[in-house]
Amino acid sequence: MSKPRKKPEELRSHRWYGVKDLRSFGHRSRTAQMGYHRSDYAGKPVVAIINTWSEINPCHTHFRQRADEVKRGVWQAGGFPVEMPAISLSEPFQKPTTMLYRNLLAMETEELLRSYPADGCVLMGGCDKTTPALIMGALSMNLPAIFMPAGPMLRGNWRGDTLGSGSDVWKYWAELRAGNITEGDWGEIEDGIARSPGHCMTMGTASTMTSAAEAMGLTLAGAASIPAADSRHAQMATLTGKRIVEMVWQDVKPREIVTAAAIDNAVTTVLALGGSTNAIVHLIAVARRAGVALDLDRFDALARRTPVLANLRPSGRYLMEDFYYAGGLRALLARLADLLDTGAPTVNGRTLGENIAGAAVFDDDVIRPRARPLVGSDGLAVLRGNLAPDGAVIKPAAMEARLLRHTGRAVVFRSYDDMAARIDDPSLPVDADSVIVLQGAGPQGAPGMPEWGQLPIPKKLLAAGVRDMLRISDARMSGTSYGACVLHVAPESHVGGPLALVRDGDLIELDVAARRIELKVDAAELARRRAAWTAPAERYGRGFGAMYLRHIRQANDGCDFDFLEDGPPTPDPEIH
């Protein structure tokens with residue numbers, strides 16, 4: 001049953017603006033100071049526009065304009081828009097990793113919405129970590145919220161060949177190191193790979209997470225697929241602004257949308273897209289903010305039944321611009337309908353099933369039919385064993401099939417710096433069957449669990465034609481990356497997980513079909529190594545970094561802060 005429409009005096013912002021007392025006088029007079037008349041806001045929903053634009057975030061360069069287009073929609077629908085900048089997590093520039101700051105943006109989003117007179121919000125994001133962070137904060141605050149995705153950039157181009165962000169960076173970097181292209185070629189690729197606003201146009205973490213947000217019901221139908229430079233993206237921004245005003249009057253809150261069924265829809269969508277392994281960490285965190293239990297086993301169970309239908313890089317051939325022209329996410333979801341809960345509600349007031357009704361595919365090679373999937377199942381796989389008792393993940397669709405079952409001797413690097421110093425040493429004892437292991441790259445160890453998981457192949461093997469080999473770490477991997485990379489090993493090496501005990505020459509066995517990753521060292525020897533192990537020194541002694549290290553959870557638990565996931569709701573502030 002739908003809820004009764006709110007009255008103006010029931011708006012949350014009424015406590016700031018509508019009360020006849022000294023404090024409300026101050027709120028109104030200061031709003032007048034900014035050039036607004038009382039008729040602009042009196043009795044109207046105040047809509048916070050959480051904008052992650054900044055001049056250091058190339059994925060969001062169009063957000064300054066998009067914010068104005070969202071405002072236009074809010075004004076047209078009878079609301080009062082208030083733009084609120086939030087920290088911009090710029091994937092290419094922020095070091096050591098944006099993942100270190102995902103929870104900071106989630107906290108900022110929650111506290112902006114709590115501490116100011118917001119009745120509802122538009123969340124503007126897209127660059128990898130901004131999407132889960134904004135949604136996590138909005139779920140914890142639980143005001144009416146709608147997500148506006150940044151949209152993918154246009155295709156790259158080099159000498160007539162299509163370039164995809166990330167994926168072709170790794171590909172041509174390997175060719176440069178192998179001596180197959182020149183520095184001049186490399187410079188031309190640099191100039192042609194990113195040529196418009198928007199996030200990565202491969203099926204990297206950005207498009208994976210914005211698509212998951214749409215499948216969860218948090219965006220307008222079809223919003224996640226529109227290229228950032230397309231005029232329809234600007235139209236979507238204005239429609240998003242219009243819709244949030246109605247959501248406030250109807251009191252449609254995100255926890256009513258993000259149910260267990262919605263989370264399953266998001267996971268299934270990620271799998272069918274051949275999406276980023278990062279989605280596992282992010283969706284676990286998002287689900288738990290909504291009070292929904294989600295763990296690695298649920299991902300693995302859904303992966304076993306879900307075909308990969310999107311022929312998109314890095315697993316496939318095409319890019320997001322092609323995906324949009326082929327019908328976009330609505331068309332893909334229509335082909336998955338029997339695997340989805342189509343009765344799940346969405347922010348536009350219709351069910352997911354109603355949103356995808358009539359959606360058509362215009363290119364069966366980009367969005368494959370169910371009878372001809374890119375991969376029949378197992379777009380992601382969760383591994384367990386004595387090397388990863390709490391789980392690890394791999395993306396079988398993006399690796400060479402010969403490595404799906406493999407045993408090799410470990411070549412161990414203690415840190416990223418150690419790896420960078422030695423990986424191309426001609427005397428490194430490594431061959432094509434070796435297993436490259438990186439330690440110290442997890443949530444605490446790096447810190448922040450950077451995207452180091454696509455470990456480089458040694459130069460001497462590249463020169464010999466090797467383009468994939470088994471690599472294992474407690475790091476993440478860019479969603480644009482590919483290869484036989486075992487990721488998110490939990491518990492991580494920094495806290496004494498079994499990965500910390502691996503030594504050069506140890507045999508490691510991978511069996512993706514059996515979902516197993518084993519260190520072939522007897523228990524007595526492992527016990528001796530554990531007794532000799534000492535915890536590394538902490539990197540941060542103060543500030544946000546110290547808080548992060550004290551409260552971050554492991555990868556299998558979503559890397560949220562323990563005090564943000566758990567606990568009773570925080571009350572609204574007193575207005576005195």
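Me: How many helices and strands does the protein have?
Reply: Keep in mind that this is a predicted model. Going by secondary structure, the protein has 14 strands. Its helices number 22.

Me: What is the radius of gyration of the protein, and what would a compact globule have?
Reply: A compact globule with 576 residues would come out near 25 Å, and the protein agrees with that. Along the principal axes, its C-alpha atoms fill a box of roughly 75 × 55 × 45 Å. As for the radius of gyration itself, the protein has 24 Å.

Me: Which residue forms a salt bridge with D168?
Reply: D168 sits in helix α7, and its partner is in the loop between α14 and α15, 145 residues apart. Both ends of the pair are buried. The closest N and O atoms are 2.6 Å apart, and the partner is R313.

Me: Is D230 buried or exposed?
Reply: D230 forms a salt bridge with R232, with the closest N and O atoms 2.9 Å apart. R232 is partly exposed, at 40% relative accessible area. For D230 the figure is 13%, and buried means under 20%. So D230 counts as buried.

Me: Where does K520 lie, given its salt bridge with E509?
Reply: The side chains of K520 and E509 meet at 3.6 Å, N to O. E509 is in strand β13, so the pair ties together parts that are eleven residues apart in sequence. K520 is partly exposed at 47% relative accessibility, while E509 is buried at 17%. K520 lies in the loop between β14 and α20.

Notes. Residues are numbered from 1 along each chain as its sequence is written. This is a predicted model: local features need pLDDT of at least 70, side-chain atom pairs count only at pLDDT 80 or more; totals for chains, interfaces and linings use all residues. Side-chain values use heavy atoms; hydrogens and water are left out. Helices (H or I, at least four residues) and strands (E, at least two) are DSSP runs, numbered from the N terminus. The radius of gyration is taken over C-alpha atoms; the globule rule is 2.2 Å times the number of residues to the power 0.38. A salt bridge is a side-chain nitrogen of Lys or Arg within 4 Å of a carboxyl oxygen of Asp or Glu. Buried means under 20% relative accessible area, exposed over 50%, partly exposed in between (1.4 Å probe, protein chains only).
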